[in-house]
Each structure stands twice: as C-alpha cells, then as structure tokens.
Amino acid sequence: MPLPSFDRAEVFLLVLVRCLTFWSVGPVLADRKIPPSIKLLGGLATAIVVWPAVDASAWTPERTLLGLAVVAAREVIIGAALGLTASLVFLGVRMAGSLLGVQMGFSFANVIDPNTSTEVSVVGEMEELLAVFLFLLVDGHHLLFRALHFSMERVPPGSAVDLPGLTAALLPMAGTVFVTMIQIGAPILGALFLTDAALGFVARAVPQMNVFIVGIPVKIAAGLLLMLFTAPLFARILTYHFNALGPQLTTILGGM
C-alpha cells in the first residue's frame, strides 16, 4: 500500500539529511572551499537517486516535531559515520604530506586550512589534491554512491542505531590514518634522514661551508625528486586503500 504523500515527504527528508551529512563530512565535497550550494545540490541529487531504494513499508510516521528531530539525529549519525570512514585515507595522506613538508624545509611556507583554521603544509595540500584526483580516476565516487544506496537498504531511514556497535566498528578504522601516513611518508622520510646525515658529514669534512644555507635547497630538491620517483608507489598504496573502502563501509553498516 503506497504511503500518503506527507509520509513519503518525511522519508525523503530523512534520506536528504543522511546524504547531506555524508557529503559534508566525507571526501571530495567536504572542503570549505566548495560553495555550500554545490554541497546542497550534491546531497539533493544523491537523495533523489537513492530514494527509490528505501523500503518505507515499515515506516511509522512521526506526528511530533521532537520525534522527527530524534529520527533526523539518527540519520546525521549514520551519514557522519559513513563520511568519516570514507575520509580517513585522505586524512592520512594530509598528515604524511605535512611531515614531508617539515622535513623538506617548507615549514615556513604553511598555509591556512579553511577546514580546520590551522596551518598546514603546502606539500600536504598537494598530496591530498593528488589523492582526490586519483580517487575520481578509479571511480571512487561511484563507490560512495553505492555505499549510500546500500545504506538505505541495510539501515532504512528511521531505524534505530546501535551506538555501541557503531563505535566498536568505527574505532578500528582509525588505524587507517596512521597506516596510510606511514606507508606514504616512510620511504621519503627515510631518504631525507640519510640526506641530513650526509650533510652532517659534509659539515664535519668542510667546516668552511655553511651547511645550513646549502642544505635547504638540497633537501627541497631531494624531497621533490623522491616524491616524483615514488609517485607509482603513492598511486598503488592509495588504490589499495580505495579498494578496501567498500568493505570498511560495509563493516560500519553492519555495526549499526
């Protein structure tokens, strides 16, 4: 039996809340440099697409504003959990880039990140931008659409959320940030450490040379060359994590 139009509007509103929260927290559209109208349009378009997948036969209409607010809060939790899981890899890439920027001597060339209102390395910004391009190249945005579609089937709007189960499923995912950071940054950081050691030997062998002035351009050039040579490794690591993103999102939904 079809739902009355008002009840269907309630269901669509909940779907829209989940989609907007997901795109506001998740990758690609979460950046504050993207206009809010684009985020609203993306959430609205996604909600229209995934709405037919919602099984609203068991939907119990909320006749009070408080009840509707509670149900909408559940959708915010679900959308935020999915968006946070999808953005962990990009956070790890940014942290790796920040460490590399400090080691390369770019600590005085930091910029203000509008997302966190803190200083970030230009290398971190560049690495994250490359990660977003690679994510789009491997059709990662399609994975996000499928995850939202599956979430509507697995956890229909208005369903209760198991917060302890969700927390237990989400906490192990936090390790993805540090794993990504180490995998991307460790090879270059190790090579830059050897560069520092070589400059130290040069300073001992040739005391007349001002190693601090010579070392800065040397480390910048070495860092940029290493980033260029390790670009295939960077792509392989991110592709691996992007392929693992689907099972991670499924695990999060299973904990709900």
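Phe-22, Trp-23 and Phe-145 form one aromatic cluster; rings of Phe, Tyr and Trp (its six-membered ring) pair if their centres lie within 6.5 Å. This is a predicted model, in which local features need pLDDT of at least 70 and side-chain atom pairs pLDDT 80 or more, while totals for chains, interfaces and linings use all residues. Residues are numbered from 1 along each chain as its sequence is written, and side-chain values use heavy atoms, with hydrogens and water left out.

Trainee: How many aromatic pairs does the count come to?

Mentor: The ring rule is the one just given, with centres within 6.5 Å. By that rule, the aromatic pairs come to six.

Trainee: Are the planes of Phe-135 and Phe-242 stacked or edge-to-face?

Mentor: Planes under 30 degrees apart count as stacked, over 60 as edge-to-face and the rest as tilted. The centres of the Phe-135 and Phe-242 rings are 4.9 Å apart and the planes stand at 70 degrees, so the pair is edge-to-face.

Trainee: Which helices hold Phe-135 and Phe-242, and how many residues apart in sequence are the parts tied together?

Mentor: Helices are DSSP runs of H or I with at least four residues, strands are runs of E with at least two, and both are numbered from the N terminus. Both Phe-135 and Phe-242 are buried, that is, under 20% relative accessible area with a 1.4 Å probe and protein chains only (exposed is over 50%, partly exposed in between). Phe-135 lies in helix α4 and Phe-242 in helix α9 (residues 231–254), so the parts tied together are 107 residues apart in sequence.

Trainee: Is Thr-176 buried or exposed, and which residues is Thr-176 in contact with, leaving aside neighbours within four places in sequence?

Mentor: Thr-176 is found in helix α7. Thr-176 counts as buried because its relative accessibility is 9%. Contact means heavy atoms within 4.5 Å. Leaving aside neighbours within four places in sequence, the residues in contact with Thr-176 are Leu-88, Val-89, His-241 and Gln-248.

Trainee: Where is Asp-139 found?

Mentor: Asp-139 is not a glycine, yet has a positive phi of about 60 degrees. At 38% relative accessibility, Asp-139 counts as partly exposed. Asp-139 is found in the loop between α4 (122–137) and α5 (140–154).

Trainee: Which helix gives the largest share of the nonpolar patch?

Mentor: Val-202, Val-206, Met-209, Ile-213, Val-214 and Val-218 form this patch on the surface. Val-206 is in the loop between α7 (175–205) and α8, and counts as partly exposed at 33% relative accessibility. The largest share, three residues, comes from helix α8 (residues 211–229).

Conventions
Patches are made of residues with over 30% relative accessible area and no salt bridge: like charges are joined within 9 Å, nonpolar side chains (Val, Leu, Ile, Met, Phe, Trp, Tyr) within 5 Å. Accessible areas come from the Shrake-Rupley method with a 1.4 Å probe; for residues, only the protein chains shown count as cover. A salt bridge is a side-chain nitrogen of Lys or Arg within 4 Å of a carboxyl oxygen of Asp or Glu.
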